[in-house]
Amino acid sequence: MSWEKEVEELARKRALAQAQGGEEGVARQHARGLLTIRERIDAMLDGGSFQELGGASGDATRDGEGRLVDFSPANFVLGFGTVDGRRCVIGGEDFTLGGGSPNAAGLRKSVYAEELACTYRVPLVRLHQGAGGSVAGAGGGSKTVGTPVNAPPRFASVAQAMATVPVASAGLGAVAGLPAARLVASHFSVMTETTQVLVAGPAVVERALGRRPSKEALGGPEVHARNGVVDNLVADEPAAFAEIRRFLSYLPPNVWELPPCTPADDPPDRRAEELIEIVPRNRRKLYDMRRVIALVLDEGSFFEIGRLYGQGTITGLARLSGQPVGVLGNDCWHLAGAMTAAGSQKTRRFIELCDTFHLPIVSLVDEPGFMLGTEAEKAGTIRFGAAAVLAAASSVVPWASVIVRKAHGVAVAAHFGPDGFVVAWPSAEMGALPVEGGVAVAFGRQIAKADDPIAERERLEEEMLERQSPVPRAESFSFHDLIDPRETRPVLCDWIARVQPLLPRLKGPTSFPVRP
């Protein structure tokens, strides 16, 4: 007697699982210009590295003698693999089977993904295209309804994963319900131009609200790439996989380890001559902060996160002498770089990412203050802004702040960490208010009474501008140094070398206090 019969059945189930939704289901997926989940996993991972778990799981139908008649695979594919040689857990819905709406085994595998990543302390990559639960066939004839009363909360492992390992997710088609919640419960999320992220689809919305918007109107890129639901928008699936690979390259596998340093080809003493004139002397003229970042950090290392959301605030990851760092800056091309409600939320979340994974922060400051006006007040700017300020004030990683131009108001406090290293350029302006606003508040009546109000206002603004100069502050040791802009990279490289011995003490989980 042997176990040949059982092994043959196992092989058959595995073959059916590899076939996914069958030729017709796979053809429909390809007709939309989309990959199947197994093709996505192969494209995301290093070649040949995928080690599947539960490849024979699913719903089996047997005849009266126990012989396999039919088998529907679990429509969530899960396993281990490597990305650039580093182990991870990877999984995603199989849209060729039931539109990705989870069957029983598929749901169990999807819930297990976070637990697996936490247990092995490796990054989690989720590739989403699917819906949440379905009422069709609810109960399946079983007398058992719901989950056991003592079952742990389904999202407990999701929260634990975000506290301990890097989580990166991609939206690669219609993503609704539970997969949508998982997509955003990530440290980094990316969607393609053909993706829609939905709380619920058009049919459910119509039944609830009496109108039927399209999937694009509900959750297409124009909606979610600009409201912060996802971080980055890319053209297609290969670009999404490339973004996830790059994001993970800056992070440790878990919070008990440090970010991976790599050899740097860019000399630490490189001086970029362009920096001496990049900030115009005319304060009303704009400049390119992203160009400053490119000239200061390791060449080609800047990976921006959330460019279409909170556009006056720049956040991203980069390397400095090979050490991964977080980069925070202002884009004066958008509302002069003022901190909006969206920019505040983006800043707070970014600081928390850096604290969680022990990334030193380089802050390039050109902050005119919180955004003003009725729309800014309606958006709750001051509450979100205060949360960003307190996130910086309670940050645990080393900070280096370079005051490039403006440093005004309460909002500027979100650009400096405790015991941070601070230098300024000669173009820096520092004060409670920008010159124009300060003069308008303090000297409004004097200006109105002047024979030439415009000339009087300009005279007063020139006087106040001199008071906001960085020179007397440098002479009073109000910050660490006033530097030639061309020295910025060498100064920051010296700083990162000084703080590296401090990083090992940061290992382990980080907790955040209550914030506004």
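Leaving aside its neighbours within four places in sequence, which residues is Leu-295 in contact with? I kept this question at the head of the page and came back to it once the whole chain had been looked over.

**Entry 1: ground rules**

I noted that this is a predicted model, in which local features need pLDDT of at least 70 and side-chain atom pairs count only at pLDDT 80 or more, while totals for chains, interfaces and linings use all residues. Residues are numbered from 1 along each chain as its sequence is written, and side-chain values use heavy atoms, with hydrogens and water left out.

**Entry 2: the whole chain**

I found 19 helices and 18 strands in the chain, where helices (H or I, at least four residues) and strands (E, at least two) are DSSP runs numbered from the N terminus. Along the principal axes, the C-alpha atoms fill a box of roughly 100 × 55 × 45 Å. I also looked up burial, and 50% of the 516 residues count as buried; buried means under 20% relative accessible area, exposed over 50%, and partly exposed in between (1.4 Å probe, protein chains only).

**Entry 3: helix 11 and Leu-295**

I turned to helix 11 (residues 289–296), which is mostly covered, with 6 of its 8 residues buried. Among the buried ones are Met-289, Ile-293 and Leu-295. Their cover includes strand 12 (313–320), strand 13 (323–330) and helix 19 (488–499).

Leu-295 itself counts as buried at 10% relative accessibility. To answer my opening question, Leu-295 is in contact with Arg-270, Ala-272, Glu-274, Leu-275, Ile-278 and Arg-489, contact meaning heavy atoms within 4.5 Å. I also looked up Arg-486, which is 191 residues from Leu-295 along the chain, and the C-alpha atoms of the two are separated by 9.3 Å.

**Entry 4: salt bridges**

I used the rule that a salt bridge is a side-chain nitrogen of Lys or Arg within 4 Å of a carboxyl oxygen of Asp or Glu, and by this rule the count comes to 23.

Arg-489 lies in helix 19 and Asp-298 in the loop between helix 11 and strand 11, so the pair ties together parts that are 191 residues apart in sequence. Arg-489 counts as buried at 1% relative accessibility, and Asp-298 does so at 8%. I noted too that Asp-266, Arg-270, Asp-298 and Arg-489 are linked in a network of salt bridges.

A further pair is Lys-406 with Asp-366, whose closest N and O atoms are 3.2 Å apart. Lys-406 lies in strand 15 and Asp-366 in strand 14, so this pair ties together parts that are 40 residues apart in sequence. Lys-406 is buried, with a relative accessible area of 11%, and Asp-366 counts as buried at 0%.

**Entry 5: two backbone angles**

Most residues other than glycine have a negative phi, and I therefore wrote down two exceptions. Asp-84 has a positive phi of about 55 degrees and sits in the loop between strand 4 (76–83) and strand 5 (86–93). His-358 has a positive phi of about 65 degrees and is found in the loop between helix 12 (341–356) and strand 14. Is each of these places buried or exposed? Asp-84 is exposed, with a relative accessible area of 55%, whereas His-358 is buried, with a relative accessible area of 1%.
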